[in-house]
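Student: I have a protein model open and would like to learn how to read it. Could you go through some features with me?

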Amino acid sequence: MTCVERHTSFGGRQEVWQHASTVLNCAMRFGIYLPAAAVRGEPCPVLYWLSGLTCTEQNFITKAGVQAYAALHNLIVVAPDTSPRGEGVANDDAYDLGQGAGFYLNATQAPWSAHYRMQDYVAQELPDLIEQHFPASSARAISGHSMGGHGALVTALRNPGRYRSVSAFSPIVAPSQVPWGQKAFAAYLGDDAAAWAQWDAVELIRSAAADAERLPLLVDQGLDDEFLEGQLRPELLEAVCKEAGHPLTLRRQAGHDHSYYFIASFIGDHVAHHAAALKG
């Protein structure tokens, strides 16, 4: 691994690292905030953040203001890129497919399947790397925004016991039913509806066994979000959680849109939510 950025922040360090990913078969970057305790070498729990369409590791670490809250709660925060990148990695001219739009799934269709295995990356390879090279404990939480909110929910639901808490901002809760998800799923997964259901939070909750782990969900959604009705549809998550008895706190925030101004307004609440679970 190579450290490409390092900045002192709130008594800790915000760093960006590059490494060769075996799973994605390309070079990848991730941001990592190390609070003062971690800088001293003390093991700290880890919050993983998954960003949305078009983002890199930079958007969250420069816009959300998470460092102050991570320092307060002694949490390591890891923010990976949103997709494989580089020459030889399949891409598309549209913003919602290809590089910058990995959707945190494992693609099965050519040409995407050669690199686009973001689920294996964020759930397995990246945590293994973090816990090997940094003073990170095995206590993990996961959160994200928009496409990354979808990724956080699906990753937590698909990996019971791996995360102690999960939250999301403006998540794509039912990608099988909205244009963003339908386009990506058709390209990455083909036409098999059963395959789509394995990457859809609403469908995963609906099909979960009666004795499955029900990790409480915290979701914030801005009511002035331009994608609310066409792409996000939180009411579908609300309905399936009520039907299945899955604990959900859905906070509808008046006046807020889809931007990082929204995320920055409530990131402190989310970090506190995860800190309580990680240290409990």
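This is a predicted model: local features need pLDDT of at least 70, side-chain atom pairs count only at pLDDT 80 or more; totals for chains, interfaces and linings use all residues.

Student: Where is H150, and which residues is H150 in contact with, leaving aside neighbours within four places in sequence?

Tutor: Helices (H or I, at least four residues) and strands (E, at least two) are DSSP runs, numbered from the N terminus. H150 belongs to helix α5, residues 147–158. Contact means heavy atoms within 4.5 Å. With those sequence neighbours set aside, H150 touches F103, P171, I172, P175, F185 and W199.

Student: F103 is on that list. What is the phi of F103?

Tutor: Phi of F103 is near 60 degrees, a positive value in a residue other than glycine. You'll find F103 in the loop between β5 and α4. F103 counts as buried because its relative accessibility is 0%. F10 also has a positive phi, about 50 degrees, and is not a glycine. F10 is in the loop between β1 and β2 (12–21), and at 57% relative accessibility F10 counts as exposed.

Student: How do I read the sheet?

Tutor: Strands of a sheet pair through backbone hydrogen bonds, either parallel or antiparallel. Here, two strands pair if DSSP finds at least two bridges between them. This open sheet has 9 strands in the order β1-β2-β3-β5-β4-β6-β7-β8-β9, with mixed pairing. Its edge strands, each pairing on one side only, are β1 (2–9) and β9 (248–253).

Student: In which sense do β7 and β8 pair?

Tutor: β7 (residues 165–169) and β8 (residues 217–222) pair in the parallel sense over 4 bridges. In that pairing, V166 stands opposite L217 in β8.

Student: Which strands does α5 touch?

Tutor: α5 packs on the sheet, touching β4 (44–50), β6 (136–144), β7 and β8. Axes are lines fitted to C-alpha atoms, for helices over the stretch in contact, and angles run from 0 to 180 degrees between N-to-C directions. The direction of α5 makes about 130 degrees with that of β6.

Methods. Residues are numbered from 1 along each chain as its sequence is written. Side-chain values use heavy atoms; hydrogens and water are left out. Buried means under 20% relative accessible area, exposed over 50%, partly exposed in between (1.4 Å probe, protein chains only).
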